[in-house]
Each structure stands twice: as C-alpha cells, then as structure tokens.
Amino acid sequence: MNWINNYVRPRINSIFSRRETPDNLWTKCDECGTMLFHREVSDNLNVCTNCGHHMNITPRDRFKALFDGGIFTQVTVPVPNADPLHFRDQKKYPDRMKAAQKATGEAEAMLVATGEIGRTPIVACAQDFTFMAGSMGMYVGNAIIAAAEEAVKLKRPLILFSAAGGARMQEGILSLMQMPRTTVAVQMLKEANLPYIVVLTHPTTGGVTASYAMLGDVHIAEPNALICFAGPRVIEQTIREKLPEGFQRAEYLLDHGMLDRVTPRTEMREELINITRMLLGLSPAVKGDLPAPDPVAEEPKPAPAPEKAAKPAPAPSKK
C-alpha cells in the first residue's frame, strides 16, 4: 500500500489535475478590451494589434527598440536630496519613492542613454510614467541637464521622450524650478547648433508641457496622446462649455499647428533616423550591408592554357 499511496496515486493526480495558466500570459487592451498574448504585445512594442492603441512602454524597452541592436550606454545622473521638504501626505515621500523603485526597478522617473540609431550617434532620455506618474522633480531636471551636457560634449543630437503628469508635488517649488533649469539646458543645445527632437507620448501634461517638452526643433507625437497643460475636465469646469471632439489629443494638435508629425510607435525609429540625419546634413541611412568577404576563401586557380589547334591533314595529290 505504501508504494501505491506514495508513488502511483500522486502520479495519477498530477496527470489528471487541472493546470493553472499564469496570469501574466495575456494582456487586455485598455481601448478595445481585446485579450492579447504577451509576446504578441511585446513584439509590437506594446501597441494593440487589433485597434492600434498605444499602451505604456518602459524607457528600457523603448531604448531596446530604438537603438541599433538594442545596445545603449546609460548616462550617470547626479542624485539630488532625497527628501528636501520632509513632505508627508498619506505616506512619507521616501516611502513612496521606495515603493515606486520596487515596482519599476528604476531609480527615478527618467533614463538617459547614448547609442546609435541607423549608425547615427545620439543622446536620448525617456520618462517612465509608471514611476510616480513620470512627475518632474529635481532628479528629472538633473537628468535633462546631464543629457544636454553629454550631447554638447559629444556633439550629438538629443532625442527626448516625454510622459508625465506634471511637476512632483512632494518637492513643492523645487519641482517648479526645474522648468527654467531645463529651459537653460535646451538653450545649450541651441547655442551648440545641435538638433533637439521631442517625442510626446501619452500623457504629457502640466509643467512638462510648459517647459522642455514644447521647446524642440521638431515635435512628434504618438497617436491619440493627451498633450496639455490643464486637462480637459478642468477646462470644461472653468469655462463651462463643451470642448471639441478629440480636444488636446495629438491629432487635434497636429491639425492646429502645435505638432509636426503624428507617428505610430512601430514606425518611430525610422522616422527619427530620417529626421536626425536630415537635420545633421547627412546622407540617407544605409538600410543593409553586403556580407564581408570570407578570408579563408580559396585563391582562384589560373585559367588553363588554350590548346594548340591541330594541323589540317594534307590534301591528297592528284595523279
């Protein structure tokens, strides 16, 4: 009985028991509600394959899709005072920071990196909306200044991906001071005659829109991205009027001259390569390379010498 209880019965139960499916294999689209396989979503850069809705994407995943071969080097950003105002609402500010760092795996709300796109060296920085709503604090200001200084030092263009809910309330007026600081950083690029391209993603609001997000040489937005200073609900409550359809969305702003392009995420890399090389006065990017010659290839054999023509037989003599 011990052999049956200890081996046979557990074996039968394991074969016929119901296997639970992991929860992270499927993702539900926020727009159309379609259940999407996680690999299908990640391969399409977090864009719904059914309706084209652009879901959130982390800066690291964005950089892997942007840079050649997914290779980039992270730029070190000076770390400011962790809790300058000793702010506390429902939680202490340091506790909120630790929770956001644990949830995202990032130190702060912006990532700065260098690399190449289409063989064009650039400096790029991207905000992470999942980190405290991508709010602009002292670290974000330091990150943009570090990115601008790196771009000027290496003489490279700067590409910025914005995604923020505004300034960080836990840092009070110190977060608002990042607006003029980042404006000075952008001016450094202008004086160095280096391109500054801004890609506005959903959402870009508040003090971010009122500073570095709208100071680029070229402004590109992802489809249906909310781009504003004050949200539509606040404006409706203030003026007590119904706003137009699609107000403050990327397509609406493009029609009214606030943006240069609206480009899907899956086409963003090629768009940025073309615009960057155009602003730098470079030739179009090379789409592919010929394979390198094989060094172990055999040397060509000399051609054989032509054979001598045979002499014609003598004609028979006439008698």
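**A tour around Gln248**

Select Gln248 to begin: at 8% relative accessibility it counts as buried, since the cut-off for buried is under 20%. Keep in mind that you're looking at a predicted model.

Where does Gln248 lie? Colour by secondary structure and you'll find Gln248 in the loop between helix 8 (232-239) and helix 9 (250-255).

Now show the side chain of Gln248 and pick out Ala230. A polar atom of that Gln248 side chain lies 3.1 Å from the backbone oxygen of Ala230. Next, bring up the other residues that Gln248 touches, leaving aside those up to four places away in sequence: Ala225, Leu226, Ile227, Cys228, Gly231, Pro232, Ile235 and Leu253 join Ala230 on that list.

Time for some rings. The protein chain's count comes to five aromatic pairs. For one of them, select Phe247 and Tyr252: the ring centres are 5.5 Å apart and the planes sit at 70°, so this pair is edge-to-face. The angle is what decides it, because planes over 60 degrees apart count as edge-to-face.

Hop over to Phe63, Phe67 and Phe72, which form one aromatic cluster.

Finally, zoom out to the whole chain. There are 10 helices and nine strands to trace, and buried residues make up 38% of the 319 residues. Among contacts with a separation of 6 or more, 67% are between residues 24 or more positions apart.

Key. Residues are numbered from 1 along each chain as its sequence is written. This is a predicted model: local features need pLDDT of at least 70, side-chain atom pairs count only at pLDDT 80 or more; totals for chains, interfaces and linings use all residues. Side-chain values use heavy atoms; hydrogens and water are left out. Helices (H or I, at least four residues) and strands (E, at least two) are DSSP runs, numbered from the N terminus. Buried means under 20% relative accessible area, exposed over 50%, partly exposed in between (1.4 Å probe, protein chains only). Contact means heavy atoms within 4.5 Å. Rings of Phe, Tyr and Trp (its six-membered ring) pair if their centres lie within 6.5 Å; planes under 30 degrees apart count as stacked, over 60 as edge-to-face and the rest as tilted. A polar contact is a pair of N or O atoms within 3.5 Å; within protein, one must be able to donate a hydrogen and the other to accept it, and residues adjacent in sequence count only if both atoms are side-chain atoms.
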